[in-house]
Amino acid sequence: MEAAIDRIMQTYDLLANRTAAASEEARAKVTTYLNTLMEAGEKDTHRLTVCGLTYLRQLDGSVDPVKAGYTGL
């Protein structure tokens, strides 16, 4: 699981410039989330990585087109 978390955080930090405190908070949240997925039976590292990145992007709103700046015009 540590490999998936490291890959998630490395990729997530490339998406935007965040403070160290924000990165640590995101790491704690994604660790909790991945623990939940693993307890449910997910063992594939690549799938855990994708799920973790999706989870963090949903948390910060970058998946929402309006929050990402899309106005439709």
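**Helix packing**

1. In this predicted model, the axes of α2 and helix α3 (residues 45-60) come within 10 Å and cross at roughly 130°, where axes are lines fitted to C-alpha atoms over the stretch in contact and angles run from 0 to 180 degrees between N-to-C directions. Helices here are DSSP runs (H or I, at least four residues), numbered from the N terminus. The model is predicted, with local features needing pLDDT of at least 70 and side-chain atom pairs counting only at pLDDT 80 or more, while totals for chains, interfaces and linings use all residues. Residues are numbered from 1 along each chain as its sequence is written, and side-chain values use heavy atoms, with hydrogens and water left out.

2. α2 and α3 are therefore oblique to each other (angles under 35 degrees count as roughly parallel, over 145 as roughly antiparallel, 65 to 115 as roughly perpendicular and the rest as oblique). Their contact (heavy atoms within 4.5 Å) joins Ala26, Lys29, Val30, Tyr33, Leu34, Leu37 and Met38 of α2 to Leu48, Cys51, Gly52, Tyr55, Leu56 and Leu59 of α3.

3. Helix α1 (residues 2-15) and helix α2 (residues 20-39) have axes that come within 10 Å and cross at roughly 140°, so α1 and α2 are likewise oblique to each other. On the α2 side, the residues that meet α1 are Ser23, Ala26, Arg27, Val30, Thr31 and Leu34.

4. Ser23, placed in helix α2, is buried with a relative accessible area of 12%, because buried means under 20% (exposed is over 50%, partly exposed in between; 1.4 Å probe, protein chains only). Not counting residues up to four places away in sequence, Ser23 touches Met9, Asp13 and Arg18.

Conventions. Helices (H or I, at least four residues) and strands (E, at least two) are DSSP runs, numbered from the N terminus.
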